[in-house]
Amino acid sequence: MSAYRDKDPRIHGIQSKIRVVPNFPKPGIMFQDITTLLLDPKAFKDTVDLFVERYKGKNISVVAGIEARGFIFGTPIALEIGAKFVPLRKPNKLPGKVILEEYELEYGRDCLEMHLGAVEPGERALVVDDLIATGGTLCAAMKLLERVGAEVVECACVIELPDLKGRERLNGKPLYVLLESY
């Protein structure tokens, strides 16, 4: 599902604020830079509002944001829908006991960590990130949450790169995106 397919009029304004940076962080990557979206308060608010409208009243108790750009969108969504926010971080950034999940991304390998005890069995979780490419990061996030007994309701991203087929790696888990980029 996606807001752009629903023809929401706010999508054009959001899309027009995202800058594409060629060959970053390495040659061949067309980096989708959301920092330019954050400079426009209306476009940023519209982005958050579209997600809040979708998830308000869905009994989501956890919004898990993926470092770092998932924090930017996940935190205001969590506040607005009355859920707690759980950061999923890169290695060695969280104090205390953590669980971890390694994964592959389009230009290397990485790892996500989550505090033990941050999410309880049976909680309903939403995973938030800025972008889905190959799907490795979202899959790692879902595995972390499911390992502690949470139910991942859906994944939500601002941007999807459909050519990289990340949606196909989500094992049927619903993915909601605001826009596609090719």
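These legends describe close-up views of a predicted model. Local features need pLDDT of at least 70 and side-chain atom pairs pLDDT 80 or more, while totals for chains, interfaces and linings use all residues. Residues are numbered from 1 along each chain as its sequence is written, and side-chain values use heavy atoms, without hydrogens and water.

**View 1. The five-stranded open sheet.** The strand order is S4-S3-S7-S8-S9, with parallel pairing. Strands (E, at least two residues) and helices (H or I, at least four) are DSSP runs numbered from the N terminus; two strands pair if DSSP finds at least two bridges between them. Strand S4 (84–88) and strand S9 (175–180) are the edge strands, each pairing on one side only.

**View 2. Strand S8 and its neighbours.** Nine of the ten residues of S8 (residues 151–160) are buried, so this strand is largely enclosed by the rest of the structure; buried means under 20% relative accessible area, with a 1.4 Å probe and protein chains only. Eight bridges join S8 to strand S7 (residues 124–132), and Asp-129 has Cys-157 as its bridge partner. Five bridges join S8 to S9, where Glu-160 stands opposite Glu-180.

**View 3. Helices H3 and H4.** H3 (residues 41–55) and H4 (residues 69–81) pack at an angle of about 50 degrees, with their axes 9 Å apart. Axes are lines fitted to C-alpha atoms, for helices over the stretch in contact, and angles run from 0 to 180 degrees between N-to-C directions. Contact means heavy atoms within 4.5 Å. Among the residues that meet are Phe-44 and Phe-51 in H3, and Ile-72 and Phe-73 in H4.

Key. Buried means under 20% relative accessible area, exposed over 50%, partly exposed in between (1.4 Å probe, protein chains only).
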